[in-house]
Structures are given as C-alpha cells and as structure tokens.
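Visitor: I would like to learn how to read a protein model, one feature at a time. Could you guide me through some examples?

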Amino acid sequence: SMSTDENFVIAGAPYANSLGSDGSTRFSDAGLIKIFVWDPSTNRYGTLSTMTPPIDAASQNFGWAHKICEPGTNSVRSTASKYMFVSSPGINTDQGQVYMYEWGIGTDGSTYDTWTQNLTIESPDKGEGKRFGHRIQANDNGDILAISSIAPGQAGKVEIFVRSSQSNDDSVEHSFTHQQTLVGTTTDDSTLNTNFGESLAMSKDGTTLIIGAPGVDDSSQPD
C-alpha cells in the first residue's frame, strides 16, 4: 500500500514478519510501514524511518491502509500539526484498529523527525472478521475520518469520525467521536458482497466523500 501528502510518502508492508518491542521476537504478518520524507536540497525523497505496530501481535496487518494529513497549502517538514493514521485490520481476530500519530521534534530537541502514536481508534460496532481499517481517508486538517470495514453481513461499511478535541491544537489529548455509519446493504446478514468501502476519496475540506463498491452487479445491465 502507498500514500502521500506534500512532504511524505508511506509504503505499507502489512504481511511483513516484523520484530516486536523486544527487538528480537518476530511476529508473523504483523506488518510495518516505511516513511520517506522530501528533501528540498536534493529534490528527492529520503528514508526517514521504519515503523512497526505499537502492539506485539501476529496477523495484525499493520500498514494495510494509511493516510497523512498536512494542514495548510505551504506545509514544509518543520510545519507542526501533521497527523498520520495507520490501520491494523487483522488485530484481535480481524476486528481491526486505527492508530493516530503526530509529527513532532525528536530526541535532539530541535529537529522535526519523529511520528509519535497518541490515539487508538476502534469501531463502535466492532466484531471478529469485520477488519475495521480496510481503507482510510481524511481531510487535510485531520479532523474528519472515513474508515471502511469489510463487515460481512453488511456488504461493507464506512464509519465517519469527527475530531472532538480542539482541531490543530497539539496541547490537548486527541479524541474522535463516531458520527455516522454508511453500509452497503440495509439487510443484516445479507449474502450480498458489494465491497462497499473498497475505495475511498475525500475532498481536502472534508465536505465530499466518494465511496467505491466494485462488487455491485446490476443484473438489468449488460456486463
């Protein structure tokens, strides 16, 4: 999986057998992401870091989907208030979680070079096999999130979250509130598989969301 916004490129490897927090134990299909940052002095992207899941567990597929949000039209590396969202849809027997990270100054006390995890987002209707975090989209400010799930029985669903902490204020503890759920079918336990939420696109200001459902088969129309 790949994503980019202004100064960063993220490459996800959700099936990587990544190392755990002890630095020696490998967890099968735990996943990881590689982050690349733009260097204006060389006009190319350089490797910034490799990130593994904040939780030690196999089969969580960390890095399946991800999104970086950079508020403002002239964001550079040292511009604060950048946010990154990374999913682990396989965690807890495919229930899924999404992790929020914030861009900030690293250990040298002056250089912006560190993403710090500060929030875990879960579906209010979580369940095994739903794979919350299948796809992620957000507006540029990082305060409106659309997160899809495979959600068998609902032919896929997309849950909308709105930031309930103050927007773009890094002095507060971040929080998101679930606002709405959009589903691929209104019938529970449906055998339909529309793949609703297989792809997502959101406008920069968050006022428009486009949802793909490639599994829809309208039998009244020719293939």
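Predicted model: local features only at pLDDT ≥ 70, side-chain atom pairs only at ≥ 80, totals over all residues.

Visitor: Where does H134 lie, and is H134 buried or exposed?

Guide: H134 belongs to the loop that runs between β10 (112-121) and β11 (135-138). A residue counts as buried when its relative accessible area is under 20%, and H134 is therefore buried, because its value is 7%.

Visitor: Which residues is H134 in contact with, beyond its neighbours within four places in sequence?

Guide: With those neighbours left aside, H134 is in contact with W64, A65, P89, S148, S149, I150, G197 and E198. With E198 there is also a polar contact, made between the two side chains at 2.8 Å.

Visitor: Is I210 buried or exposed?

Guide: I210, which is part of strand β16 (residues 209-212), counts as exposed because its relative accessibility is 56%, and the cut-off for exposed is over 50%.

Visitor: Which residues does I210 touch, if those up to four places away in sequence are not counted?

Guide: I210 touches S199, L200 and A201. For L200, the separation from I210 is ten residues in sequence, while the C-alpha atoms are 5.8 Å apart in space.

Visitor: What lines the largest pocket?

Guide: The largest pocket, with a volume of about 170 Å³, has 13 lining residues, and M2, S3, A65, H66 and I136 are the ones nearest its centre. Two or more lining residues come from each of β1 (2-5), β7 (66-69) and β11. By type, the lining consists of six nonpolar, five polar and two charged residues.

Definitions and conventions:
Residues numbered from 1 in each chain as written. Heavy atoms only, no water. Helix = DSSP H or I, 4+ residues; strand = E, 2+ residues; numbered from the N terminus. Buried < 20%, exposed > 50% of the residue type's maximum accessible area, 1.4 Å probe, protein only. Polar contact = N/O pair within 3.5 Å; in protein donor to acceptor, adjacent residues only side chain to side chain. Contact = heavy atoms within 4.5 Å. 1 Å grid on protein atoms, 1.4 Å probe; cavity = no way out; pocket = protein on both sides within 12 Å on 5 of 7 lines; lining within 4 Å. Points joined across faces, edges and corners; volume = space filled by probe spheres on them. Nonpolar A, V, L, I, M, F, W, Y, C, P; charged D, E, K, R; others polar.
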